[in-house]
Amino acid sequence: MTNAAIQSLSKEALLELIDIYAKNWLAMDGVWFQSIEKKFGMDEAIEHDENAWRQFTVIEANRIKGFLGLPERSGIDGLKKALSLRMYANINVDEIIIEDNTLIYRTLDCRVQNARKRKGMPFHPCKSVGIIEYTDFAKTLDDRFECEAISCFPDITDETCNCSWKFTLSDPTL
């Protein structure tokens, strides 16, 4: 049951609150990461980040899947819908390109990398974490997905975005 304070909010206020919640979640994610990074170094922080994402991305995908009422194998359309509802979807700027059985997801403006740049910190080497995050998210929606990094720090191959991911639906006829 939603509390009375939330129930009394207007649609505009609820949308603003969603923004606040997303920013707060991302801030918490960054604060715990930077705490480990400062005390134990980047490699240790990445290891813990990978472990956290292995669990969180499946939880997030299952909740979104349930919210949307997606079938077990929701394909490209289901992935597109689910990506647009992720916790950070409304605070990053992204785009989705679909061709046949492939979906390209590009983050054009990433709050994490922007914050680290603003603070004079090195960029977050998120590729290994992203492989876990995006692969497990997609496979939770549809086990036929394969995921690969097209461009992601530290392996930037496309300067027009912060990162780019390719999701391929193997054997979409199943």
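Which residues of α2 are buried? In α2, the buried residues are L17, A22, W25, L26, D29, F33, I36 and E37. Buried means under 20% relative accessible area, exposed means over 50%, and partly exposed lies in between (1.4 Å probe, protein chains only).

## Basis of the model

This is a predicted model, in which local features need pLDDT of at least 70 and side-chain atom pairs count only at pLDDT 80 or more, while totals for chains, interfaces and linings use all residues. Residues are numbered from 1 along each chain as its sequence is written, and side-chain values use heavy atoms, with hydrogens and water left out.

## Helix α2

Helix α2 covers residues 11-40. Helices (H or I, at least four residues) and strands (E, at least two) are DSSP runs, numbered from the N terminus. The expected span of a helix is 1.5 Å times one less than its number of residues.

The buried residues of α2 pack against α1 (4-7), α3 (42-68) and α5 (111-118). Contact here means heavy atoms within 4.5 Å. Just after α2, G41 takes a positive phi of about 100 degrees.

K65 lies in helix α3. K65 is buried, because its relative accessible area is 7%. Leaving aside residues up to four places away in sequence, K65 touches L70, P71, E72, T140 and L141.

F67 is also found in helix α3. F67 is exposed, because its relative accessible area is 68%. Together with L68 and L85, F67 makes a nonpolar surface patch of about 300 Å². Patches are made of residues with over 30% relative accessible area and no salt bridge; like charges are joined within 9 Å, and nonpolar side chains (Val, Leu, Ile, Met, Phe, Trp, Tyr) within 5 Å. A salt bridge is a side-chain nitrogen of Lys or Arg within 4 Å of a carboxyl oxygen of Asp or Glu. Accessible areas come from the Shrake-Rupley method with a 1.4 Å probe, and for residues only the protein chains shown count as cover.

## Strand β2 and its partners

Strand β2 (residues 102-109) is mostly covered, with 6 of its 8 residues buried. Two strands pair if DSSP finds at least two bridges between them. Strand β1 (residues 93-99) pairs with β2 in the antiparallel sense over 7 bridges, and I96 stands opposite Y105 in β2. The hairpin of β1 and β2 has 2 residues between the strands, and D100 there takes a positive phi near 55 degrees.

Strand β4 (residues 163-169) is joined to β2 by 6 bridges, and the two run antiparallel. Here T102 stands opposite T168 in β4.
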